[in-house]
Every structure is written in C-alpha cells, then in structure tokens.
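Let's take a friendly walk through this structure, going from strand pairing to the contacts between side chains. Keep the 3D view open as you read.

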Amino acid sequence: MRIRLIVLSLLLFSAPVRAQSAFPKLPSSAMAIAVDSRDNLIIAAHMDRILKLAPDGTLTVLNGDLKKARISGAYPSCRALAIDAQDNVYMASDDLIWKMTPEGKITLFAGVPYMAAAKDGPLKTAQFRSIEHLKIDPAGNLYVTERDNTNKDNLGDFYLIRKIDTNGLVTTLLNTRQHPVLKTKWIAGMGVDAGGNLYLSDGAGRCIRKLDSGGAVSTAAGLCGKRDFHPVYVQGDISKAELMAPQDIVINPKGDVIFIDGRLNRLIKIANRIVATLAGNSEIQPNNVNMGGRSKEGYKDGRALTALFNFPQRCAIAMDSKQNIYILDGGNDCIRKLSADGMVTTVATSR
C-alpha cells in the first residue's frame, strides 16, 4: 500500500499542472499581443478589450469596450496589433486601422469606413481590405499585410504588402500575384527589422522570405515550394533547412529572425545562416501520417527545449527590451514567456 501511494505521488508531482492562482486571469481569450516602450505587454482580448500586463504581473484594463469609440458608424476591433515608440497602439479591424493614445483616446487612423478596397495615397483617402498583419519599424513606419479574397480573376486569393510612412503616405510595396518570385496565396506572418527589411512567412511555400528596403525578395529560410504535402522539419544550414508552417515573426537586436511554426508547436531561430529550435519539444508525427504535417500539442513550462505548446488554434509573439519573448499560445488559451535565459513560464491565462 505504501509503495502504491509513493508511485501515485510521483505521478502527480511529475505531471504538468497549471497553477492558475500563480498568474493573472484574463477576462477573455487573448487575440493579439505587443510590447510597449516600458516592457508592458499590451493584449487585445476577445470581446473588444485592450489590457496591459506590467512586468511585475499587474493586469489592468486600458479599454473595456472598443465599440464605444464609434466614428461614422464604424467602431474599432482588433485583428492585428502594433505599438510605436511613443506607445500609441494601432489596431486593425478588417479594412480600417485605429489608433489609441497612451491616454486611451481612440481615433480612426487609416481607411475609409464601408469602402473596402486597395487604394494608395494620403491617409485621408487611402483604402484597405482584409488586413491580417501589422508591424511597425523603429522609425515609425507601419507595414500592413492584407488579403484580397475577391477571386475576381478566378485565380484565388493573393496578398498586398503596404507601407504607411511617417508622412502619412500609403504605398503598395508588393503584390504576391504579380511578383515574379513571391507568388504565394498565404502570408501567415510578418516581421520587420531595424533597417526596414520585411520578413514574410510564406505559409503556402513553407518558408520565410525577405523583402529588403530596396524591394528585392530573397529566401531567409526553408525550401520554398518543395513540399505541398507531408512536410518535414530539418534544422541546420539555411540551404537545406525545411519548415512546416512558419507564422508570426520578431527580429532581435542582433538581426536574428525568430518565428513560430504553428504545426511544429515550436519557436525557431534563424541566426548565422543556421535554423534551430529555440523552444518547444513536442513529438513530431511521421511524415506519412499527416498531409499538412503536425506535432503533438501540449502544455508544459520549464527549460525552453523541454517546453510544450499548442499553436494551431491561434499564436503570436512579441519581444521586450530585455529580449524576453511573449508567446500567445491560443490552443492553451494563455500567454507564455520565454526568458532571455531560456525558461518558459505562463504569465496569464483566460482559463
């Protein structure tokens, strides 16, 4: 009897247990995240709430109901999130971009209500449609990825990569339908470095592309288009490395590219031409089992290369000034933190 009790105790203590009292409870599921200049985590939560999680764990509500800020009949919501150096928050709601000041004042920043289209020009007249990603560079230029799903030419969806410069001029940098190299039907994530170079997760090609400030497109990692089905994960030199489903991207001060792979349930880093796992250790299914590729979802905090994640439902990453990485782990309905010294912890949950 005593041996059975000891074995049961060991099993209980070794299982991953989520101590919900150890971290703040979100009022609803996190949908997008970003980090401000003071290392506060800004969270767009379901039901149109904007929250702030301070480094000490204090959770406050910046705006409890975005729908109160109606302009011309339209109201803000948040499909994508970005923050500038002055801590202004930019929120994309399909065809509009809203701006919230640190004091909480919300204004319509870009787009024309009820006029969803792709139109360049000054902010007052420029138009957008189906915005999916927002990123901002250190100079304050805002980059927008939007999907055109009208299928007006019967060739399927395509993407526009657009830029709003600090003078308020909107220009289109790239059209994936027309570009000779980047002809993808799915941009699954975007990042921008200090030099204004964009990194695009080509979800259809299973690779990451780089769009430099001069407009040239190159491959940062992955063998673009090699495998439509049954992908594999290969680490090592970028000339041979393979990815499954690259998504959201951040760039650290060294210029290393860090991204989430949604099917691998891992954070992966590209540095010095080498692709390697940064965090996550889920069991990868054999190549012939799942046509889209998959690893086993899980939940486990601890050392980076033993941690488990659950990304397929929803995921995003953001980095603070100390190079801690915050991870929106949608399948576990929580936010995790990968510290600069390689530890994964849970910092907030809505469960």
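Our starting point in this predicted model is strand β16, residues 207-211, which pairs with β17 in the antiparallel sense over four bridges. Within this pairing, lysine 210 stands opposite serine 218 of β17. In general, strands of a sheet pair through backbone hydrogen bonds, in either a parallel or an antiparallel way.

Zooming out, β16 and β17 belong to an open sheet of four strands, ordered β14-β15-β16-β17 and paired antiparallel. The edges are formed by β14 (187-192) and β17 (217-221), each of which pairs on one side only. If you look along the sheet, neighbouring strands are turned by 30 degrees against each other on average, with direction ignored.

Now for the rings. Searching the whole structure turns up two aromatic pairs. One of them joins tyrosine 90 and phenylalanine 109 in an edge-to-face arrangement, with 5.0 Å centre to centre and 70 degrees between the planes. This pair links distant parts of the chain: tyrosine 90 sits in strand β6 (residues 89-93) and phenylalanine 109 in strand β8 (residues 106-110), 19 residues apart. Why does tyrosine 90 count as buried? Its relative accessibility is 7%, and the cut-off for buried is under 20%.

Phenylalanine 309 and phenylalanine 311 also form an aromatic pair, this one stacked, at 5.1 Å centre to centre and with 20 degrees between the planes. Both phenylalanine 309 and phenylalanine 311 are buried.

One last stop brings a charge to a ring: arginine 162 lies over the face of phenylalanine 128, 4.5 Å from the ring centre.

Key: Residues are numbered from 1 along each chain as its sequence is written. This is a predicted model: local features need pLDDT of at least 70, side-chain atom pairs count only at pLDDT 80 or more; totals for chains, interfaces and linings use all residues. Side-chain values use heavy atoms; hydrogens and water are left out. Two strands pair if DSSP finds at least two bridges between them. Helices (H or I, at least four residues) and strands (E, at least two) are DSSP runs, numbered from the N terminus. Axes are lines fitted to C-alpha atoms, for helices over the stretch in contact, and angles run from 0 to 180 degrees between N-to-C directions. Rings of Phe, Tyr and Trp (its six-membered ring) pair if their centres lie within 6.5 Å; planes under 30 degrees apart count as stacked, over 60 as edge-to-face and the rest as tilted. Buried means under 20% relative accessible area, exposed over 50%, partly exposed in between (1.4 Å probe, protein chains only). A charge sits over a ring if NZ of Lys or CZ of Arg is within 6 Å of the ring centre and within 35 degrees of the ring normal.
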